[in-house]
Amino acid sequence: MKIKILTTGGTIDKIYFDELSTFQVGDSQIGEVLRQARVAFDYEVIPLLRKDSLELTDSDRQLIRDRIANDPHDRWLVTHGTDTMTVTGIALKGIPGKTIVLTGSMTPVRFRESDAIFNLGFALATAQLQPTGVYIAMNGQVYDPATVYKNRELSRFDIRV
């Protein structure tokens with residue numbers, strides 16, 4: 001089974017240059033993380049966008065959707081910023097025959113105490129095990145994008161009640 005991984009930017013790929021600068025989205029580190037982890041499945045990393053999720057537009061979401069819908073592979077992981085991950089997840093619903101998992105992190109993968117590596121591994125397992133549909137895999141949980149929200153106060157995703 002091959003998993004295609006679309007990188008779109010977000011905190012997971014942010015770089016901090018020095019004390020006076022702000023974070024900027026850099027080149028994706030996902031391929032390097034998977035290489036270091038010595039994963040034993042076939043994957044392809046496809047850098048699609050390098051944006052903070054607050055900067056993503058409907059056109060960007062359509063680009064993500066088209067890329068997945070027009071490719072014959074059925075297993076997909078999308079790395080994405082957490083602020084609008086649910087919006088993109090909802091926009092990806094309804095693509096037939098695809099298992100699509102979105103993940104990201106609250107802190108950049110380059111930080112020692114980042115949740116990025118855990119979320120990435122968890123999301124890749126989710127992409128291999130879940131039936132067709134669209135999922136968000138964050139904080140050790142699998143969610144429907146329509147029923148979850150980013151809880152900024154607790155730095156995690158929670159079910160909407």
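Helices here (H or I, at least four residues) and strands (E, at least two) are DSSP runs, numbered from the N terminus, and angles run from 0 to 180 degrees between N-to-C directions, with axes fitted to C-alpha atoms, for helices over the stretch in contact. This is a predicted model, so local features need pLDDT of at least 70 and side-chain atom pairs count only at pLDDT 80 or more, while totals for chains, interfaces and linings use all residues. Residues are numbered from 1 along each chain as its sequence is written, and side-chain values use heavy atoms, leaving out hydrogens and water.

Take S1 next. S1 pairs with S4 in the parallel sense over seven bridges, and Leu6 stands opposite Ile46 in S4. S1 also pairs in the parallel sense with S5, over four bridges; there, Lys4 has Trp76 as its bridge partner. Further along the sheet, S6 and S7 are parallel as well, with four bridges, and Val101 is partnered by Tyr135 in S7.

What about the nonpolar cores? Each is a set of buried Ala, Val, Leu, Ile, Met, Phe, Trp, Tyr and Cys residues joined through side-chain atoms within 4.5 Å. The largest has 19 residues, and those with the most contacts inside it are Leu6, Ile68, Leu92, Ile100, Leu102, Ile136 and Phe157. Two or more residues each come from S4 (42-51), H2 (58-69), S5 (75-79), H3 (85-92), S6 (99-103) and S7 (133-138), and S7 gives the largest share, three residues. Apart from this core lies another, of 16 residues, including Ile3, Ile12, Ala123 and Tyr135.

Ala123 brings us to helix H4 (residues 116-129), where it is buried along with Ala116, Asn119, Leu120, Leu124, Thr126 and Ala127. Looking down the axis of H4, these buried residues fall within an arc of 160° (taken from the directions from the helix axis to the C-beta atoms), so they line one face of the helix. Their cover includes S1, H1, S5, S6, S7 and S8. The face turned away from the buried side carries the exposed residues Ile117, Phe118 and Leu129.

Two more stops. Strands S9 (residues 148-151) and S10 (residues 156-159) pair in the antiparallel sense over four bridges. They form a hairpin with four residues between them, and Ser155 in the turn has a positive phi of about 55°. Finally, Ser53 sits in the loop between S4 and H2. Ser53 counts as buried, at 2% relative accessibility. Not counting residues up to four places away in sequence, Ser53 touches (heavy atoms within 4.5 Å) Arg61, His80, Gly81, Thr82, Asp83 and Thr84.

Key
Two strands pair if DSSP finds at least two bridges between them. Buried means under 20% relative accessible area, exposed over 50%, partly exposed in between (1.4 Å probe, protein chains only).
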